[in-house]
Amino acid sequence: MAEKKKGGKGKKIAIIMLALLVVAVTVVLLVVFLPKNKSTADNFKEITSITIADNEESKADYVLFEEKIAKTSGVQYYSDELSAIKSLTNSLDSVADFYNDYYLFAQDNSFNGQINDGINQIKNSQKKLNDILAAAKLDVEAGMSIIQSTWIDYRATAATFVKGYQKLFEGMNKAYHSSLGNVLVTNDASRVILNTVDAYVAVIISDIDKLVSSNLSGSKESTYSLGDLGAKIEGFSHFVASYIKDQTHIQNFYYTMPECYGQLAKFEQTFGENLTKLLDTISYNPELEISYSNNLTLTNAQAAALLSNMKAFVLGGEV
Amino acid sequence: MKKILTSILMAIIVVFGCVMFTACGGGEPGKVVYEAYHAQLEEMKKEDSPFGAATRNNITSNFMMKNFMIKTASETKLDYGDQDELIALGLNFIEKYYPLAKDFEKGSDIAHIKSSLEKMSEGYEILKEEYSNTKKISDSEDMTIYNGFIARYAEAARHFSSTVYDCAAALARYLSNTVKVDESIESEAPTAAAIEFYVERNILKVYHDYNEFLMNNCKASVGSMNSGWYSLSGKSVKTNLSKEATAQAVAYFTALDGERILTREALENFSYYDYQIIYNGDVKAYEKIDSHVGIYLKQIEKYFNQYLITLNAFCQTTLYQ
C-alpha cells in the first residue's frame with residue numbers, strides 16, 4: 001500500500017516536471033519565433049518619411065491633383081483648401097521632427113500607448129490618402145463631380161490623419177516634459193510653445209470637422225466656405241516656423257530668460273480655455289478683445305499687456 | 001544546524017558593525033585624501049616626468065607635456081593634438097583644489113578616490129615610458145619614424161587623460177558632497193570660495209565632456225576643442241557675482257547636467273570617429289547600420305556646437321574676469 005502511494009507521488013512529480021518543461025519550451029519558442037514589436041522610436045521615425053512633407057512620390061501626386069483642380073472649372077474654389085492642407089502637413093511634420101530629435105532619450109514609456117495609437121492612425125490614414133490620389137492620377141478624364149468626390153474623401157481622411165497627430169503630439173508633449181529629466185530644453189518656453197501647438201491643432205481639427213460635415217454629399221461653390229481655416233493654418237505655420245523649426249527660444253531660455261514666458265505661462269494656466277478661444281479667432285481678427293474674469297493680482301493694464309503679448313506670440317511674432 | 005545559525009548570526013553582526021562604523025563617522029579623514037593626491041602630483045613633477053611648467057594655447061600649467069610635437073614634411077614641428085591641453089586643464093584643477101581636503105577631519109569612504117588615483121598612477125607609468133622612448137630619437141630622425149614614436153606617446157596620453165578626468169571628478173565630488181565646499185551656493189549670501197569652486201567644478205565637467213568626446217569617441221583623430229575654453233583657463237572666476245547671476249549659473253549648470261546625460265547616451269551609441277573616418281561625414285550611410293544615429297549626431301552637435309559655445313560666452317561675459 002505504502003509502495004503504491006509512493007509510486008503515485010512519483011508520478012505526480014513527473015507530471016508536474018513535464019508540465020513545467022512544456023511551459024518552458026513554449027516560452028522559449030514564443031520568444032524566439034514571435035515577430036518582435038517595433039520600438040516606438042522606430043515606429044515614430046517611419047512617419048517622418050511617409051507624408052507629403054517628406055515623400056517625393058506622395059508630394060508629386062498631391063501637386064498633380066492641385067494642377068487638376070486649378071484647371072477644372074467648377075472645382076477651382078478648392079485651391080486654397082488644398083494649399084492650406086499641404087501647408088498644414090508640412091507644419092505637422094516639422095513638429096514631429098522636433099519630437100523625433102528627443103523621443104529616443106525619453107526614459108518613461110508610460111505614454112507609449114497614446115503615442116503608438118497616434119502613429120498608427122497617421123500611418124494608416126496616410127496610406128489611404130496616398131491611395132486616393134494615386135487612383136485620381138490614373139483617372140485622367142475625371143470631370144468636376146469625380147474630382148469633387150475625390151477631394152471630399154481626401155478631406156475626410158485628412159481629418160483622421162490630423163487627429164492622429166493630435167494624439168501623437170499630446171502624448172509626446174507629456175513624454176517630453178516628464179521623462180527627459182531636467183534638461184536645457186524643458187523650460188517655461190517649451191511648455192508654453194508645445195501646449196500652444198496642441199491648442200492650435202485642436203482648433204484646426206474643429207474647423208476641418210465642420211468642413212467635413214458640411215460637405216459630406218458634395219459641395220457647390222455657392223454653399224462652400226473655407227471660413228478661417230486657411231488663416232488659422234497660416235498662423236500655425238508661422239508659429240511652427242518661429243518656435244519649433246527655429247528652436248532659439250527653447251534652447252536659449254536659460255540665458256535670455258524672457259519674463260514674458262512666465263507671463264504667457266500664467267495666461268495659459270489662468271485663462272486656459274481662452275487660449276483656444278484666442279487661437280480660434282485671432283488669426284483673422286488681430287484686434288480681438290477677450291473678456292475674462294481677472295482672479296489674479298493683475299491690474300487691467302497688466303492683463304491687457306499680457307493679452308497683447310499672447311497675441312503676438314500665437315501669430316509667431318517676437319515676444 | 002547550530003553551526004549554520006551561529007555563522008549567520010556572526011555575519012549579521014559583522015554587517016551591522018560595518019554599517020554602524022560608517023554611520024558613526026568611520027572611513028578616512030581629509031588628510032588621507034590630501035596626501036594621496038599630493039604624493040601623485042609630486043611624483044608627476046619629478047625630473048624624469050613627461051610634464052613640465054609651460055604655457056601653451058593660453059593654458060599655463062605645471063603639467064604641460066614635454067616633447068609633444070609632430071614633424072611635418074617641411075621639417076618644422078607642430079603641436080600634436082588636444083591631449084596635452086586637456087591633461088593640463090584636468091591636473092590644474094586637481095592641483096588647485098586638493099589642498100582643501102587637508103583640514104577636513106570627518107572620516108568618509110574614499111574607495112572611489114583611491115581606485116581612480118591608482119588608475120591614474122598606472123596610466124602615468126605608461127605615459128612616462130613612452131615619453132622616455134621619444135628621447136631615444138633625434139630631431140634629425142626621418143619624419144615617419146619620428147612621428148611613429150610621438151604617435152605611441154600620444155596614444156598613451158589619450159588613455160592617461162581619461163584617468164585624469166576620473167580622478168579630478170572624484171575629487172570634485174568629494175569636495176562638494178563630503179567637505180561641502182560649495183554648500184552655500186544657493187544661500188542668500190554664498191561665500192567667495194563657494195562661488196569659485198562651484199563654477200570651476202562645473203567647468204571641469206565641460207572639460208570632462210570634451211575629453212569623452214575627443215579622446216574616447218573621436219580617438220583623438222578628429223575634432224578639436226573650442227579655443228574659447230583655452231582662453232578661459234587664463235581668467236579667474238568673479239567671486240562677487242550678483243544674486244541673479246549666481247541663480248542663473250545654478251539654473252543653467254543644473255539643466256546642463258541633464259543635457260550631459262543625454263549627450264553621454266548619444267556618445268555611447270554613436271562614434272564620431274566612424275562617422276568622419278569610415279562614413280566620410282555621410283550620416284545617411286551610417287544610418288544604414290543604425291537608423292537612429294542621425295538623432296544621436298544632432299544631440300552631440302547641439303551640445304558641443306551650441307550649448308557649450310553659449311556657455312563659454314556666458315562664462316567670458318558674466319562668470320569670469
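The model is a predicted one, in which local features need pLDDT of at least 70 and side-chain atom pairs count only at pLDDT 80 or more, while totals for chains, interfaces and linings use all residues. Residues are numbered from 1 along each chain as its sequence is written, chains are lettered from A and ligands numbered from 1 in the order written, and side-chain values use heavy atoms, without hydrogens or water.

In chain A, helix H2 (residues 40–47) packs against helix H5 (residues 112–138) at an angle of about 30°, their axes being 10 Å apart; helices are DSSP runs (H or I) of at least four residues, numbered from the N terminus, and axes are lines fitted to C-alpha atoms over the stretch in contact, with angles from 0 to 180 degrees between N-to-C directions. The H2(A) side of this contact (heavy atoms within 4.5 Å) consists of Thr40(A), Asn43(A), Phe44(A), Glu46(A) and Ile47(A), which meet residues of H5(A) including Ile115(A), Ile119(A), Ile122(A) and Lys123(A). By class, the contact of H2(A) with H5(A) comprises 5 nonpolar, 5 polar and 2 charged residues, where Ala, Val, Leu, Ile, Met, Phe, Trp, Tyr, Cys and Pro count as nonpolar, Asp, Glu, Lys and Arg as charged, and the others as polar.

In chain B, helix H4 (residues 111–134) and helix H5 (residues 143–178) pack with their axes 8 Å apart and at an angle of about 160°, and H4(B) and H5(B) are therefore roughly antiparallel. Their contact residues divide into 17 nonpolar, 6 polar and 5 charged. Helix H3 (residues 83–97) and helix H6 (residues 192–217) of chain B cross at roughly 150°, with axes that come within 10 Å, so that H3(B) and H6(B) are likewise roughly antiparallel. Among the residues in contact are Leu86(B), Leu89(B) and Phe93(B) of H3(B), together with Phe197(B), Leu204(B) and Tyr207(B) of H6(B). The contact of H3(B) with H6(B) holds 10 nonpolar, 3 polar and 4 charged residues.

Between the chains, 18 residues of chain A and 24 residues of chain B take part in the contact. The buried area (accessible area to a 1.4 Å probe lost on putting the parts together, summed over both) is about 2,100 Å², of which carbon and sulfur atoms contribute 62%. On the chain A side, the residues that lose the most area to chain B are Phe105(A), Leu184(A) and Tyr255(A), which together give 36% of what that side buries. The two chains share 1 salt bridge, a term for a side-chain nitrogen of Lys or Arg within 4 Å of a carboxyl oxygen of Asp or Glu. The side chains of Lys298(B) and Asp101(A) form a salt bridge with an N to O distance of 3.0 Å.

Conventions:
Helices (H or I, at least four residues) and strands (E, at least two) are DSSP runs, numbered from the N terminus. Angles under 35 degrees count as roughly parallel, over 145 as roughly antiparallel, 65 to 115 as roughly perpendicular and the rest as oblique. Buried area is the accessible area (1.4 Å probe) that two parts lose on being put together, summed over both.
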